[in-house]
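Biologist: I am new to this structure and would be grateful for a guided introduction. Might we proceed by question and answer?

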Amino acid sequence: MKHIALAAAAIGAVAFANGAFAHEMDLDQDGLYSLAEMRTEYPDLTDAQYAALDTNRDEAVDADELAAAIANGTLAPME
Ligand SMILES: [Ca+2]
Ligand SMILES: [Ca+2]
């Protein structure tokens, strides 16, 4: 059981690191990731790809949409 707990802790650490990096990517700290902000981490992101990330179609990517895209493999995890 011990190694399962350690694995869970490692996954938590990765999630925390992603969260911290995502916070930095939000240059104006408005809680949303504009296309320009996304391109600071994903330089090759296209308009179409950005639109696909915006699943609730409010024309901005929020933290939940970003996390979902990383979780489903649409975006590479941030390092
Ligand atoms: Ca922003
Ligand atoms: Ca959105």
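Predicted model: local features only at pLDDT ≥ 70, side-chain atom pairs only at ≥ 80, totals over all residues.

Biologist: In what pattern do the helices and strands follow one another along the sequence?

Modeller: The secondary structure of the chain consists of four helices and two strands. Read along the sequence, these elements follow the pattern α-β-α-α-β-α.

Biologist: Which helix has the lowest confidence in the chain?

Modeller: The chain has an average pLDDT of 84, and 75% of the residues score at least 70. Confidence is highest in H3, at 97. The lowest value, a mean of 62, belongs to residues 2-25, which form helix H1.

Biologist: Which residues form the largest nonpolar core?

Modeller: Buried residues make up 8% of the 79 residues in the chain. The largest nonpolar core has six residues. They are Tyr-33, Met-38, Leu-53, Val-61, Leu-66 and Ala-69.

Biologist: Which residues does Leu-53 touch, if those up to four places away in sequence are not counted?

Modeller: Leu-53 belongs to the largest nonpolar core. Two other members of that core, Val-61 and Ala-69, are among the residues that Leu-53 touches.

Biologist: Is Arg-57 buried or exposed?

Modeller: Arg-57 lies in the loop between helix H3 (47-53) and strand E2 (61-62). Its phi is near 55°, a positive value in a residue other than glycine. Because Arg-57 has 7 other C-beta atoms within 10 Å, and 12 or fewer is the cut-off, Arg-57 is exposed.

Biologist: What is the phi of Glu-59?

Modeller: Glu-59 is also found in the loop between H3 and E2, and with 11 C-beta neighbours inside 10 Å it counts as exposed. Most residues other than glycine have a negative phi. In Glu-59, a residue other than glycine, phi is positive, near 70°.

Biologist: How far apart in space are Met-78 and Tyr-42, C-alpha to C-alpha?

Modeller: Met-78 is in the segment after helix H4 (63-71). With 16 other C-beta atoms within 10 Å, Met-78 is partly exposed. Met-78 and Tyr-42 are 36 residues apart in sequence, and their C-alpha to C-alpha distance is 9.1 Å.

Biologist: What share of the contacts in the chain with a separation of 6 or more comes from residues 24 or more positions apart?

Modeller: The share is taken among the contacts in the chain with a separation of 6 or more. Within that set, residues 24 or more positions apart account for 43%.

Key. Residues numbered from 1 in each chain as written. Chains lettered and ligands numbered in written order. Core = buried A, V, L, I, M, F, W, Y, C linked by C-beta atoms within 7 Å. Buried ≥ 20, exposed ≤ 12 C-beta atoms within 10 Å, placed from the backbone. Contact = placed C-beta atoms within 7 Å. pLDDT = per-residue confidence, 0-100.
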